Amino acid sequence: MHPHPHPHLSSTDGLARIIDASANRGAEALRVLDDIARFALDDAELCTLFKELRHELRGTIAALPIDSGVLLASRDTPGDVGTGIATPGEFDRQGLPAIARAACGRLTESLRSIEEAAKGLGALDSARQAEQLRYRAYDAERRVVLALGTGLARQWRLCVLITESLCRFHTWDQVAERAIAGGADCLQLREKSLDGAELLRRASRLVEIARSQAGPDRPTIIVNDRVDIAMLSGADGVHVGQSDLSVASIRRLAGFSLLVGVSTANLDQATQAGVDGADYCGLGPVFPSHTKHKSALSGIDYVRAYLARPQTARIPHLAISGINASNAGLLSAAGCRGVAVSSAVCASEDPAGAARAVLNAMTPAMV
């Protein structure tokens, strides 16, 4: 019995097959990543990076001491035993982040195979080129996957910020329950002065309220500022301001287990939030607010500009500050698809009715 299954193939033939298949896989992966950067992220810098990597991959293969005709002639797709082997998760891609991660995995693994095959041919310079490409691919993976965020955020219609001091007629958790009954699909716990134990208790209570709702579209629960409280309570996400923890810092703590929202007041901040991988952006302050005074307003023009720019329009948004049933229609007319309110619902004698009133004012943008 011959010691290997292809007695007619030399070691060079095997290396040629490895290089050809790996080069194809790498190029295909780079095309997928280029398309994601171009059409999903609208990120010209990432597009350029993936095009450069594709060009350098072709150059690395061309520099190998093996003729391109030999590579092509060595290809045997019908006889490739690997084409008939499939893993359970091979066709399971839950959104763009999963597609990007799979493509990055194919890219770096292909580059490693090319690197090892180049060593087998004695082409050490080419092996080093493949190695450097692989290191650049690792960095590209970090950038593109983080920029896509969790991929789990949805465009909420109405987020109610729950602050006990604003709840004049009902307890804070009663307001939360009635806001949900009125159509709120997101609640954010916003308490700046509570100690950690009480904040955790309230966040856990909000999660309990949300999970008691029937159906797959239960309300999302967000915790303001506190990543630790969001993680411990089982909340869906955390919201931070410009002077709070960065998106990257939150990912180091929570990975992709939490949605991350970022408050933005202008396009530069929103664009950076997108690059950093924020799952949604708060836009404002839009109108003057008695709840939280702001020296300057971003206004409705900022909402229009956010929606007009592909890099930011792809990211779910919530306009915020001073919004109520009487002015929500102005935002709707500007194309706004989601708003965050506080006193308009919390301070109402009828939180459910107040929530419905805001949603009714926003209805034209939601149809």
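**Notebook: aromatic pairs**

I started with Tyr 135, which is partly exposed at a relative accessible area of 40% (buried is under 20%, exposed over 50%, partly exposed in between, with a 1.4 Å probe and protein chains only). Tyr 138 also lands in the partly exposed class, at 38% relative accessibility.

Before going on, I noted that this is a predicted model, where local features need pLDDT of at least 70, side-chain atom pairs need 80 or more, and totals for chains, interfaces and linings use all residues. Numbering runs from 1 along each chain as its sequence is written, and side-chain values use heavy atoms, leaving out hydrogens and water.

I then searched the whole structure for aromatic pairs and got 3 (ring centres of Phe, Tyr or Trp, its six-membered ring, within 6.5 Å; planes under 30 degrees apart are stacked, over 60 edge-to-face, the rest tilted). One of them is Tyr 135 with Tyr 138, tilted, with 6.5 Å between centres and 40° between planes.

Next I looked up Trp 156 and Tyr 280, an edge-to-face pair at 5.0 Å centre to centre and 85° between planes. Trp 156 is in the loop between α5 and β1 (158-162) and Tyr 280 in strand β6 (residues 280-283), so this pair ties together parts 124 residues apart in sequence.

Notes
Helices (H or I, at least four residues) and strands (E, at least two) are DSSP runs, numbered from the N terminus.
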